[in-house]
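Me: I have a model open and would like to go through the terms used for it. Could you tell me what stands behind each label?

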Amino acid sequence: MNELFQKPLFQYVIILFFIVLGTGAVLFPFMDNYLVLAIVLIIEYIIFLVMLSYFSKAFIKPVEKAIETMEEIQKGNYDVRLLNNPDTMVGALNTKINGLASNLNQLTMKKDLRLEQLNTLVNNTESSLILIDERGHIQLINQKFIEMFGGELKHYQDQLYYDILDNDACIKAVQKAFVSEKNIKESFTHYIGINRFYYEISGIPIFNEHNNLKGAVLVIRDITELKKLESMRKDFVANVSHELRTPITSIKGFAETLLDGGMSNEETTRDFLRIIYNESNRMQLLIEDLLTLSRLETENFRLVLHTVNVKDITKDLIPTFMYHAEAKKLTLHVDMEENVIFKADKERVKQIFINLLDNAINYTPENGQIYLKVEKKDEYVHINVSDTGIGIDQNKISRIFERFYRVDKARSRNTGGTGLGLAIVKHIVEVHEGKIEIESEVNKGTSMHVYLPL
Ligand SMILES: Nc1ncnc2c1ncn2[C@@H]1O[C@H](COP(=O)(O)OP(=O)(O)OP(=O)(O)O)[C@@H](O)[C@H]1O
Ligand SMILES: [Mg+2]
């Protein structure tokens with residue numbers, strides 16, 4: 001009953017009071033007993049008030065609640081819900097309002113999810129991205145762009161692209177995309193400190209459904225690695241051609257001389273033929289090395305793993321290398337732990353020993369010492385080949401595993417080296433999931449450590 005004396009019902013209470021008063025005024029001339037009239041009027045007023053209270057509870061309050069809820073929904077709070085009793089009219093209205101709120105809630109959740117997915121996509125792509133609207137204002141910029149060109153998101157947001165972008169290539173790409181209304185693709189270089197980076201830039205105009213230009217997207221891709229690979233490939237082809245050209249030129253030259261009458265002298269003929277034989281041998285070795293490398297590099301290359309004793313791998317090699325060492329007045333010391341048994345591709349591991357010992361002998365001057373040591377160390381087989389040779393300059397050490405890299409080209413060529421030996425060793429060690437370490441000092445010697453898992 002309290003609510004009858006509060007807004008908004010109180011005005012009706014007053015109106016009803018005057019209606020009752022009006023009834024009293026109409027009945028007054030016909031009534032003799034004023035007490036009865038007063039009691040009738042009071043009862044009438046009480047009935048009116050009870051009816052008002054009932055209507056208020058049944059209709060006005062729920063409608064007010066529904067209005068309040070609609071206002072909340074309008075503000076964007078889609079979690080509000082009304083009590084619903086589908087048997088009444090207001091209850092049915094509440095059910096509809098609840099349905100509307102729940103639909104809106106789902107739509108917003110879907111929109112938020114899409115936005116989140118878009119943001120994740122935009123921010124996790126490997127490329128830099130900017131979206132510019134038709135007035136030239138930046139509408140979206142991703143994290144990668146900020147990493148690439150610096151600054152903060154808020155500095156770019158809503159700014160004119162030609163005012164805020166500090167890169168001519170980007171500005172030109174947007175302009176071209178706007179003017180030509182076609183996709184454009186260009187590349188440019190960008191320096192971060194002293195490091196040079198190569199980028200490919202794509203400008204893509206955006207149109208609405210009426211084919212009106214609505215803006216442009218710039219996608220900037222870092223192609224530095226690709227450029228490096230491209231240049232490595234070119235270097236590789238150049239190196240192979242060069243390495244093959246040298247023996248071919250020599251074979252051709254000596255063969256021509258022999259054909260042009262050089263065969264009259266038996267001794268010269270023999271010398272020339274020996275050179276031709278040695279050069280063709282060198283070519284064969286080079287081609288074999290290249291084939292080994294390309295096999296090791298193919299993705300589906302599989303090792304043929306067997307349980308082997310290191311002694312089985314080295315037993316044929318050691319006498320040969322003893323002979324080579326002696327021929328060069330070097331001493332080869334061998335120290336092998338007994339029963340070093342591990343899983344390995346026997347032929348590949350043999351290649352490791354051959355290439356390391358070959359280098360130790362080639363790069364150690366007369367009267368030097370070569371040491372071959374094999375032992376178990378933690379969970380690895382430790383193969384150590386050291387020498388008292390010419391050593392390697394500290395800043396060249398990181399390069400000696402590159403294909404065709406030789407510290408001293410002239411000296412290596414004299415020894416017949418092509419610079420592929422250590423590249424092959426590195427690959428074999430990698431496919432065995434091992435590791436390789438070097439210690440070296442110029443004019444003191446080199447120590448190569450290979451660790452293969454037991
Ligand atoms: N033990 C060593 N002492 C000094 N320098 C070495 C030693 N081992 C390798 N090097 C240097 O590393 C370079 C690369 O060695 P790598 O075995 O890959 O090629 P290479 O010996 O020149 O030719 P090959 O392909 O015939 O082995 C060599 O040219 C040499 O300069
Ligand atoms: Mg070598």
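Me: What makes V425, I428, V429, V450 and L452 count as residues that I352 touches?
Reply: Contact means heavy atoms within 4.5 Å. I352 touches V425, I428, V429, V450 and L452 by that rule, with residues up to four places away in sequence not counted. Bear in mind that this is a predicted model: local features need pLDDT of at least 70, and side-chain atom pairs count only at pLDDT 80 or more, while totals for chains, interfaces and linings use all residues. Residues are numbered from 1 along each chain as its sequence is written, chains are lettered from A and ligands numbered from 1 in the order in which they are written, and side-chain values use heavy atoms, with hydrogens and water left out.

Me: Why is the group around V310, F342, I352, F353, L356, L372 and L452 called a nonpolar core?
Reply: The term stands for a set of buried Ala, Val, Leu, Ile, Met, Phe, Trp, Tyr and Cys residues joined through side-chain atoms within 4.5 Å. The largest such core has 49 residues, and those seven touch the most other members. Helix α12 (residues 346–362) gives the largest share, seven residues. Helices are DSSP runs of H or I with at least four residues, strands are runs of E with at least two, and both are numbered from the N terminus. At least three residues of the core come from each of domain 3 (227–295) and domain 4 (306–453); domain bounds are taken from an automatic or database domain assignment. Another core, of 23 residues, lies apart from it and includes I138, I171, A177 and I184.

Me: How do you know that S127 is buried or exposed?
Reply: Buried means under 20% relative accessible area, exposed over 50%, and partly exposed in between (1.4 Å probe, protein chains only). S127 has 11% relative accessibility, so it counts as buried. The residue sits in the loop between α3 (89–124) and β1 (128–133). Beyond its neighbours within four places in sequence, S127 is in contact with N142, K144, V219, I220 and R221.

Me: And what makes T224 buried or exposed?
Reply: T224 is at 10% relative accessibility and therefore counts as buried. This residue belongs to helix α8 (residues 224–259), and its contacts, neighbours within four places in sequence aside, are R196, F197 and Y198.

Me: Why are the phi values of N367 and F404 worth a remark?
Reply: N367 has a positive phi of about 70 degrees although it is not a glycine, and phi of F404 is near 70 degrees. N367 lies in the loop between α12 and β9 (369–377); its relative accessible area is 58%, so N367 is exposed. F404 lies in the loop between α13 (394–397) and α14 (409–414); its relative accessible area is 3%, so F404 is buried.

Me: What makes the pair between N359 and ligand 1 a polar contact?
Reply: A polar contact is a pair of N or O atoms within 3.5 Å; within protein, one must be able to donate a hydrogen and the other to accept it, and residues adjacent in sequence count only if both atoms are side-chain atoms. A polar side-chain atom of N359 lies 2.9 Å from an oxygen atom of ligand 1, so the pair meets the 3.5 Å limit. A backbone N or O atom of L420 lies 2.8 Å from an oxygen atom of ligand 1, and a polar backbone atom of L422 is 2.8 Å from an oxygen atom of the ligand too.
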